[in-house]
Amino acid sequence: MALKYKTRAFVFKKSDMGESDRFFSVFTEEFGRLEIFGKAIRKTASKLRSGIDIFFMSEIEFIQGKTRKTLTDAVATEKFNNVWQDLEKFKTANRIGEVLDNFIKGEQKDENVFNLLNETFTTLDKFQVPSSKFQALYYYFLWSLLSLLGYHPQVEKCNICQQKLNPYAIYFSDKIGGTICKKCLGHDASATKINSDIVKIFRLIFKKDWQMLSKLKIEVSSQKLFENVSENYYAYILSGHSSKNNYHH
Ligand SMILES: [Zn+2]
């Protein structure tokens, strides 16, 4: 007899198959990432149809077959309606889904990641601020996830000489995994010059202080700089991810 499993699942990707089937990529509370097969779920008559979709939190039941996991029940516990109705929110949700898809490859339970997802989507859903702030939430998620996966950057001091940072000469190094000072630039000539605003953003993210972060007023140039530093680090970690990281194997 096939084994039946039940878990809470956050859906971050879906892909259609054939006439009426669909695969869901979900991050579950019990098993980490799973690929779940929704048989004939796109048919109007499907009972499961309304219980699961992208960016839903659903209570799912599935059976483990020889080659795949087939969905047998799905009840949506949170549909994050505002995310669906607001284009900017939906775009942000897609970017978060992409990050998850890139970094989480295998089945491994991780309650912290599950909670981060739940918190991030609850905030995105309730959030009533200009859409420019959605960027901040996306980066809040990105850096928090990278930290949970073992890529937490050190931004308290120079990571080479351990000296205090001079606010006018701070550099961020992907290779070293955090801030370095001017004297130590020889260790990574490709490090990016940053400023104390960026360090402030990092500290708020790692303190999990979304309230302060969402109210923080920083210059557009610093925002752009922070985005660049974030995207570079993301690409750097991703490029070496499969060979270096054993976390999710
Ligand atoms: Zn140094």
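Modeller: Let us begin with a term we shall need throughout: a residue is called buried when its relative accessible area is under 20%. Please keep in mind that this is a predicted model. In helix α5, which spans residues 196-206, the residues that are buried are Ile198, Val199, Ile201, Phe202, Leu204 and Ile205.

Colleague: What caps the N-terminal end of α5?

Modeller: The cap is asparagine 195, which has a side-chain oxygen 2.9 Å from the backbone nitrogen of aspartate 197. After α5 comes lysine 208, with a positive phi near 60 degrees.

Colleague: Why is phenylalanine 141 called buried?

Modeller: Its relative accessible area is 0% and the cut-off is under 20%, so phenylalanine 141 counts as buried. Phenylalanine 141 belongs to helix α4, and, leaving aside neighbours within four places in sequence, it is in contact with Ile96, Val99, Leu100, Leu116, Leu117 and Thr120. With threonine 120, the separation is 21 residues in sequence and 6.8 Å in space, C-alpha to C-alpha.

Colleague: Which residues touch the most other members of the largest nonpolar core?

Modeller: They are Leu100, Phe121, Trp143 and Leu145, in a core of 61 residues. The most is given to this core by helix α4 (residues 132-148), which supplies 10 residues. At least three residues come from each of domain 1 (3-78) and domain 2 (84-244). Apart from this core lies another, of 13 residues, including Phe24, Leu48, Phe62 and Leu71.

Colleague: What does leucine 100 touch, not counting residues up to four places away in sequence?

Modeller: Leucine 100 touches Phe12, Phe27, Arg33, Val113, Leu117, Phe141 and Leu145.

Colleague: Why is serine 58 counted as buried?

Modeller: The reasoning repeats: serine 58 has 0% relative accessibility, and the limit is under 20%, so it counts as buried. Serine 58 sits in strand β4 (residues 57-64), and a polar atom of its side chain lies 2.7 Å from the backbone oxygen of glycine 51. Beyond residues up to four places away in sequence, serine 58 touches Thr7, Arg8, Ala9, Gly51, Ile52, Val75, Ala76 and Thr77.

Colleague: How do you know that β6 pairs with β7 and with β8?

Modeller: Two strands pair when there are at least two bridges between them. Strand β6 (residues 170-173) has 3 bridges to β8 and 4 bridges to β7, so both pairings meet the criterion. The strands of each pair run antiparallel. Towards β8, tyrosine 171 stands opposite lysine 193 and isoleucine 170 has isoleucine 194 as its bridge partner, while towards β7, phenylalanine 172 stands opposite threonine 179.

Colleague: What makes both faces of β6 covered?

Modeller: Ile170 and Phe172 on one side, and Tyr171 and Ser173 on the other, are all buried. Strand β6 also forms a hairpin with β7, with 4 residues between them, and glycine 177 in the turn has a positive phi of about 80 degrees.

Methods: Residues are numbered from 1 along each chain as its sequence is written. This is a predicted model: local features need pLDDT of at least 70, side-chain atom pairs count only at pLDDT 80 or more; totals for chains, interfaces and linings use all residues. Side-chain values use heavy atoms; hydrogens and water are left out. A nonpolar core is a set of buried Ala, Val, Leu, Ile, Met, Phe, Trp, Tyr and Cys residues joined through side-chain atoms within 4.5 Å. Buried means under 20% relative accessible area, exposed over 50%, partly exposed in between (1.4 Å probe, protein chains only). Helices (H or I, at least four residues) and strands (E, at least two) are DSSP runs, numbered from the N terminus. Domain bounds come from an automatic or database domain assignment. Contact means heavy atoms within 4.5 Å. A polar contact is a pair of N or O atoms within 3.5 Å; within protein, one must be able to donate a hydrogen and the other to accept it, and residues adjacent in sequence count only if both atoms are side-chain atoms.
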